[in-house]
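The sequence and the structure are shown first.

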Amino acid sequence: MSLELYLDLFSQPCRSVYIFAKKNKVSFEFKKLSLLDGEHYGEEFGKISLIRKVPALRDGDFCLAESVAIMLYLAEKFKTPDFWYPADLQQRARVNEYLSWQHTAIRMHGSKIFWLRLLIPKVMGVEVPQEKMDSALEDLQSSLKLIEEKFLQDGPFIVGDHITLADLVAIVEIMQPVASGLDVFEGRPKLSAWRDRVQEAIGKELFDEAHQDILAVQESVKTIDSGKMQIFKPKILKLFM
Amino acid sequence: MMELYLDLVSPPCRSVFLFARALKIPFEFKRVDLAAGQQYSQEFGEISIVRKIPVMKDGGFILTESTAILKYLVQKYSVADHWFPADLQQRARANEYLSWQHMNLRAHCSKVFLLKALFPIVMDAEVPKETMDAALENLKQSLNLLEEKFLQNKPFILGDKISVADVVAAVEMMQPLGTGVDGFEGRPKLIAWRERVKKELGEKLFEEAHEMLMKSSSLPQTLKSSSSFDKLKPMLQKLFR
């Protein structure tokens with residue numbers, strides 16, 4: 001049985017896993033899961049992951065959740081080049097530092113903006129109070145500020161001179177609010193320059209391929225059956241509002 | 001000597017403290033009093049602009065994020081393998097837990113603690129029943145996953161031996177206890193696991209680490225009477241928005 005990756009490219013952590021696997025020529029079967037269709041609640045997927053989130057990996061009878069864990073597993077198993085997750089004590093620590101920090105910072109704040117700007121008003125038909133939007137934007141700004149001032153500083157990448165898992169995980173999260181129509185790169189030349197370097201290191205074609213669906217989402221929401229989202233409504237509203 | 005900037009009322013500070021002490025890694029304990037707002041001092045800002053704890057300072061190398069610090073200590077001090085096994089699948093399981101816990105067990109245990117300990121004095125109102133119920137429900141879901149997915153019928157998260165995953169989980173689970181919410185109640189499996197973790201780390205050490213937490217009933221008063229309270233209040237209010 002080949003290695004399977006359960007992915008929905010609307011999801012940021014799915015994109016980082018997808019890019020990492022493709023870039024490193026890891027052979028895998030792409031098992032598409034549609035979050036908007038609630039496929040993560042299906043019986044079959046429950047056997048892969050009790051957590052019922054994507055991305056998920058199945059390698060033989062070994063199942064694994066959590067994008068960071070998955071990428072570290074692939075890096076070790078397929079002996080990917082050292083620069084992705086340097087063996088050097090301090091460099092590795094810096095990558096780990098970013099991978100930890102981002103969960104409750106840029107990941108949370110970028111996701112929230114995406115939901116508040118797009119899915120909640122446009123698909124769920126719920127109006128977002130200005131106050132909620134303002135405080136969500138404020139949180140996003142402070143995360144972006146920390147990325148620039150603490151993690152990037154004056155370096156070309158987050159850690160050292162080369163792309164690492166940290167940059168990959170960062171870029172996919174930052175693209176989420178961008179996909180909702182908020183240009184976070186505007187007025188941030190340092191961040192824009194970093195984005196260009198990361199895209200180049202990944203390869204523009206692969207980067208664009210991974211982001212194709214999410215970048216078209218403002219159009220595609222117009223055709224989403226809002227009935228499908230009703231089941232998620234209470235949970236989502238509790239989470240973001 | 002390595003410095004650890006800690007306040008033991010904070011779970012991630014406790015995991016680093018417990019690990020370093022249990023493994024007899026020498027360090028200087030630098031107290032950052034959260035209730036007095038010391039994380040916002042200029043002095044601490046020069047250590048870390050993120051203004052969170054724990055922080056590690058090893059010579060000129062400063063590192064934030066408890067899971068990054070734990071992995072750094074594991075790598076630097078060549079600790080026994082079981083703490084963070086080299087085996088591919090075992091390590092993946094450890095990484096899976098350490099990643100999942102940020103937005104799940106950690107978030108939910110902290111939320112309950114913060115609502116009970118801080119909400120009334122920071123928001124000048126009682127915690128709305130709906131808010132408390134939602135927080136307790138989320139906590140329940142995380143505890144269910146801890147038992148059903150991560151622990152299952154094993155003595156520890158990774159199997160027969162304790163690892164950093166158990167330390168990180170245990171300190172988070174203790175947090176609601178500081179406000180009288182016992183997440184262990186009605187969960188004999190978790191109680192048994194906690195006792196095993198305590199035994200491995202050292203009962204006295206575990207108790208010492210949790211002493212401050214157990215005195216948290218005085219936290220609201222300490223905070224309110226602090227000269228920094230007026231400055232801290234708006235920042236603390238953000239925790240509840």
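Which element supplies the largest share of the lining of the second largest pocket? That share comes from α3(A), with five residues. Helices here are DSSP runs (H or I, at least four residues) and strands likewise (E, at least two), numbered from the N terminus.

The model is predicted, so that local features need pLDDT of at least 70 and side-chain atom pairs count only at pLDDT 80 or more, while totals for chains, interfaces and linings use all residues. Residues are numbered from 1 along each chain as its sequence is written, chains are lettered from A and ligands numbered from 1 in the order in which they are written, and side-chain values use heavy atoms, with hydrogens and water left out.

**The pocket**

A pocket is an open set of points on a 1 Å grid over the protein atoms alone, where a 1.4 Å probe fits, with protein on both sides within 12 Å along at least five of seven lines; lining residues have an atom within 4 Å of a point. The second largest pocket holds about 460 Å³ of space, the volume being the space filled by probe spheres set on the points. Its lining has 24 residues, and A:L72, A:E76, A:Y85, A:R92 and B:R91 lie nearest the centre. Both chains take part: α3 (67–77) and α4 (89–101) of chain A, and α3 (66–77) and α4 (88–100) of chain B, each supply at least two lining residues.

**The contact between chains**

With contact meaning heavy atoms within 4.5 Å, 35 residues of chain A and 30 residues of chain B take part. The area buried between the chains (accessible area, 1.4 Å probe, lost on being put together and summed over both) is about 3000 Å², and carbon and sulfur atoms give 63% of it. A:I51, A:F62 and A:L89 supply 17% of the area that chain A buries against chain B, more than any other three residues.

One salt bridge is counted between chain A and chain B, a side-chain nitrogen of Lys or Arg lying within 4 Å of a carboxyl oxygen of Asp or Glu. The side chains of B:K238 and A:E138 form it, at 3.2 Å from N to O. B:K238 lies in the segment after α12 (229–237) of chain B, and A:E138 in helix α6 of chain A.

Technical notes:
Buried area is the accessible area (1.4 Å probe) that two parts lose on being put together, summed over both.
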